Amino acid sequence: MTIKLTIDGMPVEAREGSSILEAINASGTYIPQLCKDPAMPAIGACRTCLVQVEGRRGFPASCHTPVSENMVVNTNSPEVRRIRQGVLDLTLGMLPTETPSQPLAEHKELKTASRFHDLLTPGYETRARDHSDSSNPFFSVEMDDCILCGRCVEACQDLQQIGAIAILGRGQDAFIGTYGDEPIAESICTSCGSCVAACPTGAIEPKLDPANAVKQTSTVCPYCGVGCGIVLNTDSDGKVLWVDDDPENQSSLGKLCVKGRFGVTFVNHGDRLTTPLIRKNGVFTEASWDEALDYTADKLVEHRGATAALASAKATNEDGYVLQKFMRLALGTNSIDHCTRLCHSPSVEAMLRSLGSGATSNSYLDYEKAGCLIIAGCDPSANHPVAATRFRKAVDLYGAKLIVINPKRIELCDYAYLWLREKPGTDVALFNGMAKVILDEGLADEHFVAERTEGFEEWKASLAQYTPDFVESITGVPKEQMIEAARIYARPPFSGSCFVWGMGLTQHTNGTANCHAVLNLALVSGQMGGRGNGISPLRGQNNVQGCGDAGCTPSNLPGYQDLDPESLEKFARAWGGRLPEESGFVVTDMMREAEEGRLEAMYVVGENPLLSEPDLRHAREAIENLKFLVVQDIFLNETAEIADVVLPATSFAEKDGTFTNSERRVQRVRKAIEPVGQSRADWDITSDLARRVCRRLGMDESQFDYDHSKDIFDEMAGLTPIIAGITYERLDTEGGIQWPCPTPDHPGTPILYEDSFPRGLGKFVPVEQTEPAAELPNRRFPLILNTGRMLYHWHGGTITRRVEGLMARAPELEVSIHPKDAKRAGISDKEEVRVESRRGELEGRASVTEAVREGEIFVPFVKLRESAANFLTNRAFDPSAKIPEYKVCAVRVEPKSSPRKVRKGPRAMTAVMRP
Amino acid sequence: MNYSELKSKADREARVRFPRALVQLGGCTRTVGAGAVLQLLQAAVAKKGLMSPVLVAGCDGACHDAPVVIIEMAEGLTFRLTHVGPADVNEILSFWLAGRADSSSTWKGRPAAWPSAGEGSGFWGRQERRVMRDIGYIDPHSLDDYVARGGYATLDNVLRSMTLDQVVDEVIRLELRGRGGAYFPAGIKWRGARATGRSPRYLIVNAEEGEPGIYKDRHIMEGNPFMLLEGLAIAAYAIGADKTYLYVNGEANEAAGRVEDALDVARELGLAGDNVLGADFNLNIEVRRGGGGYVLGEESALMNSIEGQRNVPRTKPPFPVESGLWGQPTVINNVETLCNLPTLLANPGADPSPGTKLISLSGRVQRPGLVEVPMGTTVREIVYGVGGGPPDGYDVIGVVAGGPSGGLLNESMLDVAIGPGMLDPEGAVLGSGGITVFDTSVSPVEVVRRLARYNAAESCSKCTPCREGTKRMLDLLGAVQRGEEGRSGLEKLAYLNDVVGFGSLCGLGQMAPGPVRSGLAHFREAFEEAVANAE
């Protein structure tokens, strides 16, 4: 309902329930509002938005006074100005009298407010306070400039659900501090910078050189698959100065993590590749684009029939689409794959088999609506921090029951109702056990099972041996906990249950089985297709969803269309040429084929197999065996270092396009700055290369004539039913749209499978617990190495190592080890250690902690100081999805200072390849 | 246990309880030696081999008489021995054991018989003791004592014969107003919470009582905790509350202890918990203690504290009845308000009346204490009639009414009658009922500065006008006192009064200027004199 009121004599309309301040702001009238964040509830602390309301006593604060019909509001009468001016004068009295120490912000909103009230000199002697904290590399806190409005605390607690900072002390002695008044860098602060964004005075201020932004560009964060909206502030020299959050973005709602807010300065890093490079006589020499592309085209034509490409899940949908089109049409191969092989291929594989579609079924919003959340095999606080805010909110605000399943203690364990700490590689037994409890206790959704699924009886029979006692003996999880988890999942306290998982389930030799076990649980409980339930594999890269959607997989055309005659025919007609019918190689196949000499040339776009593959020494041997390697990237990464040709690509900030996030939301990526050096957008480079290849092969090169990424998107949408209704125009006006969106008037689909599954009925797929892992500890290698990620670095670290603040927060590799293991190995906390497996070694610093189980260590797979976990990991892989077993291998740990116990001999070939 | 069983047991006990002694021991009287008196008397009685009990009672409010020992010889034959010291123990024993005490007996040269409120004049004669009726004369640990004097009859009657709506309507009709300071009609709050139709609903008993010079709620809890439990049970019933939080000031250990003891007894005998008095009514009570701070008396800050949040006020609206604890409908009532319920509802159909008010009377009067007078009594009557005026040789020049959130009245203004709302537009309020008398021996400027200092120290820090403004007021007052400010200093003070009063978020900030504003208005000469030195 609309309310009519008058503001300063002007008739205005406002939504019922909105505040007077919202109505004032909508009317275009200025009024100070220092403690009111537009996106947050009113705090009511600064008292600078006081107004006069006819017929009401006093001067209500407009931020928390609702509008009412026929209300007459006066924002600028002498009476209200007099009081507001007094409040502002008291506020200014908290600040130093000299010119504010913060030239960048100039006390931002406070300055505007004071000028509005002609308060240029404070009426009181300064009551400035000297408390300050500059321990965080990204921002500092100067209480001198703080007016105690509380917005930073609100941002930390209510927006980010972290609560690292609070107002401590009482009365005039109050200040912003942390628990125990420790320096912020030593608190639970995650450096997300929401406090910086919220501060109206610059008391919490980024550590940046003063500069003026000339342009703001709304785009999408280049880090994880959550897909947060960011606004790039850039100067006239094409430099990204700082990043603001984007409250309009439906996936992030104004939230960002440290990487999104402070981690994009890599764009302007001096290490950026600026010209094409060709290896001549073993050394890179700078080359022109023509030279590099002609040479590359020659080589690819030469090796046509033995080529493969890795597409980039960091690049846009358009980039991916053009690359797969090039490989299929011009080079005649389906051997194109991307990093999903190394993260969620088991999830996609299992979902395709059981449901017929390989994506997250629901939306981030469902995390907040769920009555039960299972977070298995992932650490969202580190990898998907903005998704983690929703999990914390679900627990803290809405009372959801959170069940963490992870051998390692993660931050979310602090919020968990149950934490099931299974032995690595025993998830199938755990989930089968839960399913058996659900069946035995009559908690199954019989209606759902009967109407929506098939294969139930056969699957049910397969569970017979997974009794609670048996499961406990396999997994190490007390049976009471497992039983309770099953009960809560099947019958959450309210709404539905949402199952969220990550690489902890997939990066195993039994990864696909794990995912099937999860899907079986969701099917038997009917936890799909509704608000607050669903299955949610958290996607890693910003566009790993989109890269697959765009067809960068060896077995599917864009939009997961099969390589069936009908689809092939459709694409052949559109593209004017024949397409290969046989599936191509997946990433892990490519390594084998290269090693064995059958694969001769590779085109690697924005990928770095020599850091992301398991058993890096072996991976290097395989890649080195190629006859031709072209790498297209923004930095000279480990793979590029041994390439024949290196092509400089633009970063996300320098191009237009789209990313598709974990909740299937297609979002616009917008060009903010001109390309660095001679770098070009990936789609542009690939198209140019493709035209040259076509020319050489006598093919129609006009298939790769694109003027703008929009042309590519339109072509892709025309051939891809799931995004057929999406256009750039819609994305610009409506914001991101969740596929499937088949028609221009379709609003997008927040929840999949409401009425049916793409394959018709959901299929139960019986799975058995096999050996937990291919390589288990023995006397020489007594510990299990678990790998994963960390908040302050991104994957291998190619980009985050080039962000100063992130390096300051995490300069070296941390090896988490249980106190008992540490004692046994003679290792003390913070000591430098060496970790060895049968395949290699690394050096890092010990963190002695009970966060890991006894017998297991954890090392993030980022490469720091030349040490990377993937020198140790095992290339045994899941037989179905062919994902490597990054999560389990056998290692030993020693103090770095101790002499090597075993002479380094030839690499032992112990990796077990499963059929 | 149902009510008739309770009552017959209590009556049985009452018939056989004589003789007994009660030492009025509370948080205050302990400071003047009542604890020692209790121990010595108990020891002396034991030594004599007597079976008669020496028990603890709450203080009856006559601070000036403390320590007080009550001797109950027989039904209707009760003595009140005042100013008892450790040295008087043997004399008490002989008074008690002589068997010659009668209504004309004296103690330390004064009549020893129990004084009756409402008769004659003086401290007792001018009071109308409803809430205070039994305080000081019953054992706060004894449910029998309370029930024998009519306790729980009202609750039993309410549960048996009135619907929730009937209780709400009756309380609205009887015009019961909140005694915490705002005098909002209690029944309207209850109706508001009910009208949301949402549950769970909460009742919070505000026993924070953090302001200086107010000590009524802790006296009630020390002297008659069962009355509070009965009162809150009636309220919880009428609201349909799923849970009641009894929020007791963090320093009021004596009060909290006695309420918790009483609650144990009540739970054991079915007066709290499920099916109270056999009725379809569950009373779930949790005692919470404050962590300190004047602001905790502010209801939304108190709710934040219960939730485990920082103790700062919330914005309004929404009001607690719509969205209080954890966003649920919540009624917050003061201890004194709830303690009016058992007597108020004991006579259904009675005419509405403004009732009584407990007044914490302190400062320069002959008979300070906690007194209960009818609404409408003048301040002068309380100061001179009940309190006996100043000691010989002193002249009253004014009072502080309503504590640091109230204001000053000068002597000529004392004929104002107490009642809800402002006693004076410049600041003085009845508030939660504190009257502090001052005389010529203190400077009114100093009185104002002390109150301002309190407000500055207790500002919770949330909103700018209160946090910064009270500090600036305090600094200015100091400068005025030291003769460093001219007349413009008084103008700055007046401006700050408006900024803090109109600008602050919660009632405490809005009322913080009261002492300064009323001081400037009613003791103008003292301030003029102070600034004259600077000019």
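**Chain A as a whole**

The model is predicted, and every value below was computed from it. Chain A contains 30 helices and 37 strands. Buried residues account for 60% of the 915 residues in chain A, and, of the contacts in chain A with a separation of 6 or more, 73% are between residues 24 or more positions apart.

Two packed helices are described by the angle between their axes and the distance between the axes.

| Helix pair | Angle between axes | Distance between axes |
|---|---|---|
| α13(A) (residues 427-440) and α19(A) (residues 511-525) | roughly 15 degrees | within 8 Å |
| α7(B) (residues 164-173) and α10(B) (residues 225-239) | about 115 degrees | 7 Å |

In chain A, the axes of α13(A) and α19(A) cross at roughly 15 degrees, and the two helices are therefore roughly parallel to each other, since angles under 35 degrees count as such. The crossing of α13(A) past α19(A) is left-handed. On the side of α13(A) the contact is formed by Asp427(A), Val428(A), Phe431(A), Asn432(A), Met434(A), Ala435(A), Ile438(A) and Leu439(A), and on the side of α19(A) by Ala513(A), Asn514(A), Ala517(A), Val518(A), Asn520(A), Leu521(A), Val524(A) and Ser525(A). Sorted by class, the residues of this contact between α13(A) and α19(A) are 11 nonpolar, four polar and one charged.

In chain B, α7(B) passes α10(B) in a crossing that is also left-handed. The residues that make the contact are Leu164(B), Val167(B), Val168(B) and Val171(B) from α7(B), together with Ile234(B), Tyr237(B) and Ala238(B) from α10(B). By class, the contact of α7(B) with α10(B) consists of seven nonpolar residues, with no polar and no charged ones.

**A buried valine in a strand**

Val631(A) belongs to strand β26 (residues 628-633) of chain A. Val631(A) has 29 other C-beta atoms within 10 Å and is therefore buried, the cut-off being 20 or more. Apart from its neighbours within four places in sequence, Val631(A) is in contact with Val604(A), Thr639(A), Ala640(A), Ala643(A) and Val646(A). Lys460(A), by contrast, is 171 residues from Val631(A) in sequence and 49 Å from it in space, taken from C-alpha to C-alpha.

**Backbone geometry in loops**

Most residues other than glycine have a negative phi, and most peptide bonds are trans. Against that background, Leu148(A), which is not a glycine, has a positive phi of about 55 degrees. Leu148(A) is placed in the loop between β6 (139-142) and α4 (151-159) of chain A, and it counts as buried because 28 C-beta neighbours lie inside 10 Å. Asn281(A) likewise has a positive phi, near 55 degrees, and is situated in the loop between β13 (277-280) and β14 (283-286) of chain A. With 5 C-beta neighbours inside 10 Å, however, Asn281(A) counts as exposed.

In chain B, the peptide bond that joins Lys316(B) and Pro317(B) is cis, with omega at about -10 degrees. A cis peptide bond also joins Pro317(B) and Pro318(B), where omega is about 5 degrees. Pro317(B) is located in the loop between α12 (299-307) and β10 (330-334) of chain B, and Pro318(B) likewise lies in the loop between α12 and β10 of chain B.

Methods: Residues numbered from 1 in each chain as written. Chains lettered and ligands numbered in written order. Predicted model: local features only at pLDDT ≥ 70, side-chain atom pairs only at ≥ 80, totals over all residues. Axes fitted to C-alpha atoms, helices over the stretch in contact; angles between N-to-C directions. Helix = DSSP H or I, 4+ residues; strand = E, 2+ residues; numbered from the N terminus. Parallel < 35°, antiparallel > 145°, perpendicular 65-115°, else oblique. Left-handed = near helix turned anticlockwise from the far one by under 90°. Contact = placed C-beta atoms within 7 Å. Nonpolar A, V, L, I, M, F, W, Y, C, P; charged D, E, K, R; others polar. Buried ≥ 20, exposed ≤ 12 C-beta atoms within 10 Å, placed from the backbone.
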